[in-house]
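The following note comments on side-chain packing in the model under review.

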Amino acid sequence: MARTPSPTRETRALPSRPHRKGIQGIRYLFAWLLIATSTFAKAEIRPADCARAAKYSESKRGVSMLVIQNGRTIFEHYANGGSARGKWPIFSGTKSFWGMAALAAARDGLFKLDDNVSDTITEWKSDPRKSQITIRELLNQTDGIEGASRLQRASVRDRNAMAIRLSAAAKPGAAFIYGPSHLQIFSELLRRKLRGGDVISYFEGHVSNRLGLGRLNYKKDARDNPLPATGFELTAREWARLGELVLGHGSYHGRQIVPAAILREAFTGSQANPSYGLTFWLNDQASNGREADMERMLDLPWQNAHWSNVCICRDAPADMVVALGSGYQRLFVIPSLEAIIVRQGSSAKFSDAHFLRVLLGRTQ
């Protein structure tokens with residue numbers, strides 16, 4: 001169903017005071033306001049375009065779609081068995097929630113993002129590669145450790161122990177190697193920083209409870225270690241709360257969960273992959289980038305995936321950030337449009353770029 005969008009709110013700062021006084025200054029200010037108003041009018045997401053995008057999503061086994069702009073729900077649609085109360089697995093979208101926990105821990109002074117992991121996981125100190133890995137490299141998956149998808153098997157009794165024993169396939173910072181290993185190692189680091197405290201309790205107290213999220217599936221192993229790479233099942237509205245946190249510069253409903261300055265760290269790519277920050281995908285290469293299906297890119301051997309000059313959608317704003325899960329589970333957050341877009345569905349061939357172009361009215 002579609003809902004009437006709220007009036008656009010102007011959030012950009014006014015230009016500095018005109019140098020010329022009197023009528024010329026008034027004309028200058030009036031002209032600027034006219035241009036700004038016109039620009040923002042074009043930025044309004046239209047329910048009709050949302051409906052077209054929903055039709056495309058539904059044809060690709062989509063179950064839910066939610067669009068929020070300027071703090072108001074302007075479109076909401078469910079199909080193929082989906083519903084507003086129906087929880088749906090977000091798979092690797094789970095990673096971005098744990099990324100927020102990492103930023104909260106940095107705020108709390110448990111560590112700095114550029115600290116060496118080996119300062120805490122001291123078993124790594126004698127390894128020439130592992131001893132140089134930083135916490136930031138764990139979070140942006142450029143630490144060089146093998147991805148180790150086998151960590152997700154339910155038969156693994158102690159994922160943390162297995163993860164810290166994994167071999168380094170590349171020098172730290174030299175390659176982007178996607179997989180569950182990096183956040184599993186981070187989970188062990190956080191456990192030690194908490195002096196044996198419960199990692200899940202920290203996550204709930206600092207992130208999920210503050211977002212009003214409960215009964216999350218942590219896919220715990222026999223040692224009660226969570227699997228931070230995947231597992232959460234959320235409604236579209238619940239997942240959108242993470243988007244609200246991003247648009248709120250780390251604040252959710254008046255509560256500061258992550259300081260804005262630290263949150264910005266999550267939206268900076270690495271040299272090995274400029275399209276991936278700290279557990280969030282980025283679109284900042286959009287202006288001159290080549291569009292790529294990120295899920296298909298991740299299916300390639302890491303040595304064959306080339307991430308320079310890659311974007312999600314050339315016609316979407318460059319400040320768009322994305323929490324991405326397999327089967328085309330998506331949380332798109334576009335700060336310049338004050339927009340949050342959730343798309344969930346079963347695995348089927350789907351184009352993020354086409355979906356976004358239709359939704360943003362960029363198609364003819």
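1. Rings of Phe, Tyr and Trp, the last taken by its six-membered ring, are treated as a pair if their centres lie within 6.5 Å. The model is a predicted one, and under this criterion 19 aromatic pairs are counted. One aromatic cluster consists of Tyr56, Tyr328, Phe332, Phe350 and Phe355.

2. Helix α2 (residues 47–59) and helix α11 (residues 352–359) have axes that come within 7 Å and cross at roughly 155 degrees. Angles over 145 degrees count as roughly antiparallel, so α2 is roughly antiparallel to α11. On the α2 side the contact is made by Asp49, Cys50, Arg52, Ala53, Tyr56 and Ser57, and on the α11 side by His354, Phe355, Val358 and Leu359. These residues comprise six nonpolar, two polar and two charged.

3. The largest nonpolar core contains 65 residues, and Phe97, Met100 and Phe186 have the most contacts inside it. Helix α3 (residues 94–107) contributes the most to this core, with nine residues. Leaving aside residues up to four places away in sequence, Phe186 touches Ala102, Phe111, Ile135, Leu138 and Leu139. Another core, of 38 residues, lies apart from it and includes Ile45, Phe176, Leu324 and Phe350.

4. Phe176 and Tyr178 form a tilted aromatic pair, 6.2 Å centre to centre with 40 degrees between the planes. Tyr178 and Trp281 also form a tilted pair, at 6.2 Å and 45 degrees. Tyr178 lies in the loop between α5 (159–164) and α6 (181–193) and Trp281 in strand β7 (residues 281–282), so their pair ties together parts 103 residues apart in sequence. Tyr178 is partly exposed, at 22% relative accessibility, whereas Trp281 is buried, at 1%.

How values were computed. Residues are numbered from 1 along each chain as its sequence is written. This is a predicted model: local features need pLDDT of at least 70, side-chain atom pairs count only at pLDDT 80 or more; totals for chains, interfaces and linings use all residues. Side-chain values use heavy atoms; hydrogens and water are left out. Axes are lines fitted to C-alpha atoms, for helices over the stretch in contact, and angles run from 0 to 180 degrees between N-to-C directions. Helices (H or I, at least four residues) and strands (E, at least two) are DSSP runs, numbered from the N terminus. Angles under 35 degrees count as roughly parallel, over 145 as roughly antiparallel, 65 to 115 as roughly perpendicular and the rest as oblique. Contact means heavy atoms within 4.5 Å. Ala, Val, Leu, Ile, Met, Phe, Trp, Tyr, Cys and Pro count as nonpolar, Asp, Glu, Lys and Arg as charged, and the others, Gly among them, as polar. A nonpolar core is a set of buried Ala, Val, Leu, Ile, Met, Phe, Trp, Tyr and Cys residues joined through side-chain atoms within 4.5 Å. Buried means under 20% relative accessible area, exposed over 50%, partly exposed in between (1.4 Å probe, protein chains only). Rings of Phe, Tyr and Trp (its six-membered ring) pair if their centres lie within 6.5 Å; planes under 30 degrees apart count as stacked, over 60 as edge-to-face and the rest as tilted.
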